[in-house]
Amino acid sequence: MRFGLHRMLEKNKLNKRLISAWQLIIARLAQLWRFMQSSLPNRCLLCQQSIAQFGYQQLFPQTLLKGVCQPCLAANLYQAEACLGCGRLMTRLMMYCGQCQQTQPMVVIAPCSYHDGLAPIITAIKYQQQFAGLLALMQQLLRRIQQLQRLNIIRLPQALIPVPLHVNRQRQRGFNQAGLIAHWLGQQLSITVLENIIIKTVDTPPQAQLSGMQRRKLTQLAYRLVADVTYQRVAIIDDVVTSGATVEAIETLLLPQGVHCQAWALARAEAPKLRSR
């Protein structure tokens with residue numbers, strides 16, 4: 001029995017030494033990673049120019065630019081006011097263009113068009129886990145939201161609902177980009193984030209591969225509401241609003257409960273006929 005106790009004590013000592021060795025290795029790797037991040041130049045993902053060479057604080061005082069330089073960011077934001085219904089560019093800031101005033105579709109708030117050049121950064125976030133440009137885009141979305149609120153064009157929602165991923169896609173990707181955006185905006189605006197009240201039951205293919213009609217057919221039954229929503233106003237959060245099929249499918253689930261919905265996104269992909277300037 002004494003021999004067995006001795007072996008157990010020796011084994012525990014060995015395990016502690018192994019754990020300490022692994023902790024040291026992890027600490028060293030983390031230190032190396034921090035050094036690499038601080039020493040490597042922060043280059044724009046679009047033009048490859050060093051971001052440090054531009055005077056950002058004067059041009060974008062509220063934006064911590066990383067992953068995208070100021071010229072690329074400024075050039076690819078909306079250069080004119082955009083209709084919050086269809087995305088059509090307008091000469092003055094209003095909620096809807098003349099055509100959308102008749103139908104009053106769901107309000108979609110985004111700081112830029114997906115077609116204007118920032119698409120590679122958004123694609124890199126989703127498919128390559130390249131988050132360098134995410135903060136700059138989220139800050140521009142926040143500025144747009146605050147501008148519209150300040151001008152009494154919109155009311156802030158009481159809760160944010162990130163568009164969910166199917167469990168297979170979540171497991172494969174390791175994160176939900178809509179969830180990242182929702183939690184950051186929730187912290188900045190002090191708004192509750194509601195997760196897991198809507199689930200995606202159908203693992204649909206990437207929407208970029210589908211036509212607008214295919215998107216609407218696939219998304220109509222792809223989502224399910226699994227809990228009651230006790231808020232009157234919510235914003236549905238996604239990285240990109242394309243045809244609007246996804247956010248409209250979620251809105252359809254919430255409307256019977258008397259919930260008013262907006263959609264917030266990093267960018268929106270308008271129909272080609274609306275791209276004339």
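Begin with the five strands: 5 of them form an open sheet in the order β3-β9-β8-β4-β5, with parallel pairing. Two strands count as paired if DSSP finds at least two bridges between them; helices (H or I, at least four residues) and strands (E, at least two) are DSSP runs numbered from the N terminus. Select 107–109 and 192–193 to see the edge strands, β3 and β5, each pairing on one side only.

Before going on, note that this is a predicted model: local features need pLDDT of at least 70, side-chain atom pairs count only at pLDDT 80 or more, and totals for chains, interfaces and linings use all residues. Residues are numbered from 1 along each chain as its sequence is written, and side-chain values use heavy atoms, leaving out hydrogens and water.

Next, select 233–241 (β8) and 260–268 (β9), a parallel pair joined over 8 bridges. Which residue of β9 stands opposite I237? Pick W264 and you have found it.

Now select helix α8, residues 177–189, which lies across β4 (159–162), β5, β8 and β9. Helix α8 runs at about 135° to β8 (axes are lines fitted to C-alpha atoms, for helices over the stretch in contact, and angles run from 0 to 180 degrees between N-to-C directions). Contact here means heavy atoms within 4.5 Å.

Finally, colour by pLDDT, the predictor's confidence in each residue, from 0 to 100. The chain's mean is 81, and 72% of its residues reach 70 or more. Over residues 53–63 the pLDDT is below 50, though this stretch has 20 contacts in the model beyond near neighbours in sequence. Where pLDDT is low, the predicted coordinates should not be read in detail.
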